[in-house]
Amino acid sequence: MKTLMFKSGIFAQFLVVIFLVSCSSWNNTQKGGTIGAGTGAAVGGLFGSKKGKTGEGAVIGAVIGGAVGAGIGVYMDKQAEELEKEMKDAEIERVGEAIKVTFDSGILFGFDSYALTPASQETIMKFADILNEYPDTDITIEGHTDDKGAYEYNLNLSKKRAEAVNNYLKMQQVGSNRLVTNGYSFDRPIADNTTEEGRAKNRRVEILITANEELIEKAEKGEIEN
């Protein structure tokens with residue numbers, strides 16, 4: 001049974017890749033409505049499960065679709081455009097009905113440190129301003145490291161870096177009820193840890209922005225402006 005479920009998950013992810021390639025000419029709002037209607041479950045599997053937040057689970061986990069998904073897509077598209085304009089030091093990606101913001105740790109912290117640098121504080125202030133303009137979202141902050149050093153040491157460092165970003169966002173009046181932090185040590189690499197370039201990419205903070213329950217309700221009622 002486990003083997004069958006594993007193969008089904010791989011097949012679903014493969015279908016998502018084919019689907020996204022086939023609709024590459026669509027805008028994010030169009031993609032959002034259609035992905036939510038037909039392939040959200042696989043997108044959720046690719047991005048990882050989000051615990052403890054009904055809104056996040058709904059948006060990433062496939063129950064949002066059609067006009068509701070498109071409405072959320074409009075809201076997220078506008079927010080992503082502002083982030084791309086203001087956040088030059090971050091990578092901004094639209095993933096399903098979410099936005100993923102990635103900072104290299106070297107941009108935010110000194111070597112082996114979890115204290116935000118003065119320059120990175122300015123960056124997080126700009127980020128907080130945009131988050132406050134779009135209050136109907138939840139924010140999950142994830143710390144990641146390369147595989148140099150002990151696992152537990154890196155786990156603690158990754159958690160403290162995520163918490164440092166969390167705490168600074170709260171200082172900028174981002175509601176604590178919107179924020180969740182996680183640290184993953186070197187469990188989730190995105191590049192090869194055998195090269196310095198790869199290790200640099202793996203030392204990062206990822207922030208996932210998802211619709212909260214209020215935004216889902218507004219989308220259901222058609223209250224999101226285009």
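Here are legends for a few close-up views of this predicted model.

Residues count from 1 along each chain as its sequence is written. Local features need pLDDT of at least 70 and side-chain atom pairs 80 or more, while totals for chains, interfaces and linings use all residues, and side-chain values rest on heavy atoms, without hydrogens or water.

**View 1. Helix H8, end to end.** H8 covers residues 151–171 (helices are DSSP runs of H or I, at least four residues, and strands runs of E, at least two, numbered from the N terminus). Buried residues here include Asn154, Leu157, Arg161 and Tyr168 (buried is under 20% relative accessible area, exposed over 50%, partly exposed in between, with a 1.4 Å probe and protein chains only). Helix H7 and strand S3 are among the elements covering them.

**View 2. Gln79 in helix H5.** Gln79 belongs to H5, residues 66–86, and counts as buried at 0% relative accessibility. Beyond its neighbours within four places in sequence, Gln79 touches Ile99, Ile130, Leu131, Tyr134, Thr137 and Ile209 (contact means heavy atoms within 4.5 Å).

View 3. The whole structure has three aromatic pairs (Phe, Tyr or Trp rings, the six-membered one for Trp, with centres within 6.5 Å; planes under 30 degrees apart are stacked, over 60 edge-to-face, the rest tilted). Tyr75 and Tyr134 pair edge-to-face, 5.3 Å centre to centre with 90° between the planes. Tyr75 is in H5 and Tyr134 in the loop between H7 and S3, so the pair ties together parts 59 residues apart in sequence.

Terms used:
The expected span of a helix is 1.5 Å times one less than its number of residues.
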